[in-house]
Amino acid sequence: MAAELSIFTVDAFTAQPFTGNPAAVVLVPGSTDLPDVLQQTIASEMNLSETVYIRTLPDGGDFKTGCRFGIRWFTPTNEVPLCGHATLASAAVLFFCQGNTNPTLTFESASGPLSARRTGSGITLDFPLNPVQPFTRAANIIKEICEPSHVQDVQYSPATKKLVLRLQDNLSRDYLESLSPDTRSLQASDVSGDVKGVIVTLKGTPEAADYDFLSRYFAPWNGIPEDPVTGSAHTVLADYWRGQLGKSSFKARQCSPRGGDLGVAIVGDRVELTGSACVVMRGHLLNVT
């Protein structure tokens, strides 16, 4: 029999609607069979950077009472092992739309258990910290992003396959925001499979004095020309900027056209990401079989 599933659109890492990073959140009761191919088809139909599926677990209660849920994330083209903004969006749906009163929710994922807790008007996510290491095979990628001489450091996160390009400190936020790589050319610049996304980052500048660092994120290898605000990228940036700034707590801005703010704090081998979320649409998926 065809199922009917609740679906929400949530703008994450922002308190203002139609900014931040939108995600589609689908609530899947544990008894509902939703094959992988159908989950990918729905994500392609939603055509957002991420569609996330939240599933109740055996003996774990329902969406209102439970504190543990299964979670999976799909871009329009493929499943990914970790997504920060869609996890924040999921917690917002459970807390604010389903009326879940548990102070902390745990999501069982391909990257291990991830927690989300209420912190005032925001939500704090507990994610694994992803260390970086030097990387020497980025010349072709850099040429598609910017003038190579404008990059002062290149690092790589093996766990996430994210490349980090740090711009020269004398460059401005306006310069970062002006970057406009060609999506197809960027994707074609690396076919090794080692790189799935490029983080371009800049130390906080005089015109962005409220922020420790700024960034943008391009991921055409995952079907995302540019991701507006990327939680998983900040699990990498946290490790990088700790080494550069000698501190473990940051205020960060992702400077996409939609933009968003994150609080970032390293705790041991974990990183806490704090942000707001705004539910902008709710409805139902019909005739899901």
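**Helix 1 and the cysteines**

Q: Which residues of helix 1 (residues 36-46) are buried?

A: An α-helix has 3.6 residues a turn, so residues three or four places apart point the same way. In helix 1, Leu-38, Gln-39, Gln-40, Ile-42 and Ala-43 are buried (under 20% relative accessible area, with a 1.4 Å probe and protein chains only). Helices (H or I, at least four residues) and strands (E, at least two) are DSSP runs, numbered from the N terminus. This is a predicted model, where local features need pLDDT of at least 70, side-chain atom pairs count only at pLDDT 80 or more, and totals for chains, interfaces and linings use all residues. Residues are numbered from 1 along each chain as its sequence is written, and side-chain values use heavy atoms, leaving out hydrogens and water.

Q: What do the buried residues of helix 1 pack against?

A: Their partners are strand 3 (50-56), strand 4 (68-74), strand 5 and strand 18 (277-288), with contact taken as heavy atoms within 4.5 Å. Just after helix 1 comes Asn-47, whose phi is positive, about 55 degrees.

Q: How many disulfides are there?

A: A disulfide is a covalent bond between the sulfur atoms of two cysteines. With the cut-off set at a pair of cysteine sulfur atoms within 2.5 Å, the count here is zero. For Cys-83, the nearest cysteine sulfur belongs to Cys-278, 18 Å away. For Cys-255, the nearest is that of Cys-146, at 15 Å.

Q: Are Cys-83 and Cys-255 buried or exposed?

A: Cys-83 has 4% relative accessibility, so it counts as buried. Cys-255 is also buried, with a relative accessible area of 3%.

Terms used:
Buried means under 20% relative accessible area, exposed over 50%, partly exposed in between (1.4 Å probe, protein chains only).
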